[in-house]
Amino acid sequence: MRRADRLMRLIRHLRDGNLHRAADLARAMEVSLRTIYRDMETLAASGVPIEGERGTGYRVTAAITLPPLNLTMAELEALHVGLAAMRQAQDADLAAAAASLAGKLDGVLPEVNAPSSLAVYPFADAARGFQHLPKIRNAIRARQKLMLNLGPRDRTVRPLQLDYWGRLWTCIVWCDTTRKFDELRIDQIVTLRVMPSLFVEEEGKRLRDYQALNTRKDETFVAPDHQP
């Protein structure tokens, strides 16, 4: 597993607000304790609000904010789409201004304030997925199915929720193709097509079912006896 993907998995693990011991995280990620300690240091240095230390455990303690403003998901989306577009502008002054603004935002957004941050996903790479955000957001509101290709095959999904993780957007979906929930990285979508068919809420395929499933997994997780 690439380190960037492991960091995303760690954030998903930690965002439930519970305390997670390093040994438990190492077992879940299938890496050594030393690697987990390094990853925790990287996340903390990146501005991810990590609380904890070796021997006690770790958890994420705060939501994403842009001091002194609290941004909505739509506002973050607009910010990123606008910057991505302007950095590709033919007008050199606009492109330079967008790059300068992105640099200033790097200094205040907790998720991206260090070179080792989850801007492990470079802006240019993440920008590839920004074009899909409006369609996904509208599909969530309209309960409209999407045909996605992330390679090697097309998948029909029901988009349920967008999440933002320091320049990286993910979408929780129920996949009609694989018949299970998934959390997809928007920057990895190759093609996206809005389907004419709508979907209705069905038991076992709703966002609250996904959340309940994750809650049950956390409650049934049995920690080992050894200390981190």
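Author: The expected span of a helix is 1.5 Å times one less than its number of residues. The model discussed here is predicted.

Reader: What span does H1 reach from its first C-alpha to its last?

Author: Helix H1 has twelve residues and reaches 16 Å, close to the 16 Å expected.

Reader: Which residues of H1 are buried?

Author: Ala4, Arg6, Leu7, Met8, Leu10, Ile11 and Leu14 are the buried residues of H1.

Reader: How are two packed helices described?

Author: Two packed helices are described by the angle between their axes and the distance between those axes. For H1 (residues 3–14) and H3 (residues 33–45), the axes come within 11 Å and cross at roughly 80°. Angles of 65 to 115 degrees count as roughly perpendicular, and H1 and H3 are therefore roughly perpendicular to each other.

Reader: Which residues in H1 and H3 meet?

Author: From H1, Arg3, Arg6, Leu7, Leu10, Ile11 and Leu14 take part; they meet Thr35, Ile36, Arg38, Asp39, Met40, Thr42 and Leu43 in H3. The residues of this contact divide into seven nonpolar, two polar and four charged.

Reader: A new topic: how many residues has the largest nonpolar core?

Author: The largest nonpolar core has 17 residues, and Ile136, Leu146, Leu148, Leu162, Trp169 and Ile186 have the most contacts inside it. At least two residues of this core are supplied by each of helix H7 (133–142) and strands S3 (144–149), S4 (154–165) and S5 (168–175).

Reader: Which of these supplies the largest share?

Author: Strand S5 does, with four residues. Another core, of 16 residues, lies apart from this one and includes Leu25, Ala26, Met29 and Tyr58.

Notes. Residues are numbered from 1 along each chain as its sequence is written. This is a predicted model: local features need pLDDT of at least 70, side-chain atom pairs count only at pLDDT 80 or more; totals for chains, interfaces and linings use all residues. Side-chain values use heavy atoms; hydrogens and water are left out. A nonpolar core is a set of buried Ala, Val, Leu, Ile, Met, Phe, Trp, Tyr and Cys residues joined through side-chain atoms within 4.5 Å. Buried means under 20% relative accessible area, exposed over 50%, partly exposed in between (1.4 Å probe, protein chains only). Axes are lines fitted to C-alpha atoms, for helices over the stretch in contact, and angles run from 0 to 180 degrees between N-to-C directions. Angles under 35 degrees count as roughly parallel, over 145 as roughly antiparallel, 65 to 115 as roughly perpendicular and the rest as oblique. Contact means heavy atoms within 4.5 Å. Ala, Val, Leu, Ile, Met, Phe, Trp, Tyr, Cys and Pro count as nonpolar, Asp, Glu, Lys and Arg as charged, and the others, Gly among them, as polar.
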